[in-house]
Amino acid sequence: MVSKCGKCGWMNFELAEVAPVGANFKMYFVQCVSCGTPVGVVPFYDLHTSIKALEKEVKKIEAQINMALPTLDHNIRVIAQKLK
Ligand SMILES: [Zn+2]
């Protein structure tokens, strides 16, 4: 089955970058090549890429915490010893 534009019946579609009023970020309309009627909306920013970048940041923070933990542990033991 071939998708057709609901307005003019054309069968070719394109992505068009749009900045809808009130939206915080740009989007792409999937629209009819012939008459420009939108038939769908796609996020401008690729979610997969964003999630991968966030995963990288979380791993970096995790590594920093793991590096700091032994020092923190040591310092707490020193404080605990001095409080005795
Ligand atoms: Zn059309």
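This is a predicted model: local features need pLDDT of at least 70, side-chain atom pairs count only at pLDDT 80 or more; totals for chains, interfaces and linings use all residues.

Biologist: What elements does the protein have, and in which order do they run?

Modeller: You'll find 3 strands and 1 helix. Starting at the N terminus, the order is β-β-β-α.

Biologist: Why is the protein called more spread out than a compact globule?

Modeller: For 84 residues the globule rule gives 12 Å, but the radius of gyration is 26 Å, well over that, so the protein counts as more spread out than a compact globule. As for its C-alpha trace, the spans along the principal axes are about 85 × 30 × 15 Å.

Biologist: What makes you say that helix 1 is hardly covered?

Modeller: To be called buried, a residue needs 20 or more other C-beta atoms within 10 Å of its own. Among the 37 residues of helix 1, the count that passes is 0, so by that cut-off helix 1 is hardly covered. Over the protein, buried residues make up 1% of the 84 residues.

Biologist: How do you know that the reach of helix 1 is close to the expected one?

Modeller: Helix 1 covers residues 47-83, and from first C-alpha to last it reaches 51 Å, against 54 Å expected at 1.5 Å a residue.

Biologist: And where does helix 1 have a kink?

Modeller: At Leu-69, shortly before the proline Pro-70, with a kink of about 30°.

Note on methods. Residues are numbered from 1 along each chain as its sequence is written. Helices (H or I, at least four residues) and strands (E, at least two) are DSSP runs, numbered from the N terminus. The radius of gyration is taken over C-alpha atoms; the globule rule is 2.2 Å times the number of residues to the power 0.38. A residue is buried if 20 or more other C-beta atoms lie within 10 Å of its own, exposed if 12 or fewer, and partly exposed in between; C-beta atoms are placed from the backbone. The expected span of a helix is 1.5 Å times one less than its number of residues. The bend at a residue is the angle between axes fitted to the seven residues ending there and the seven starting there.
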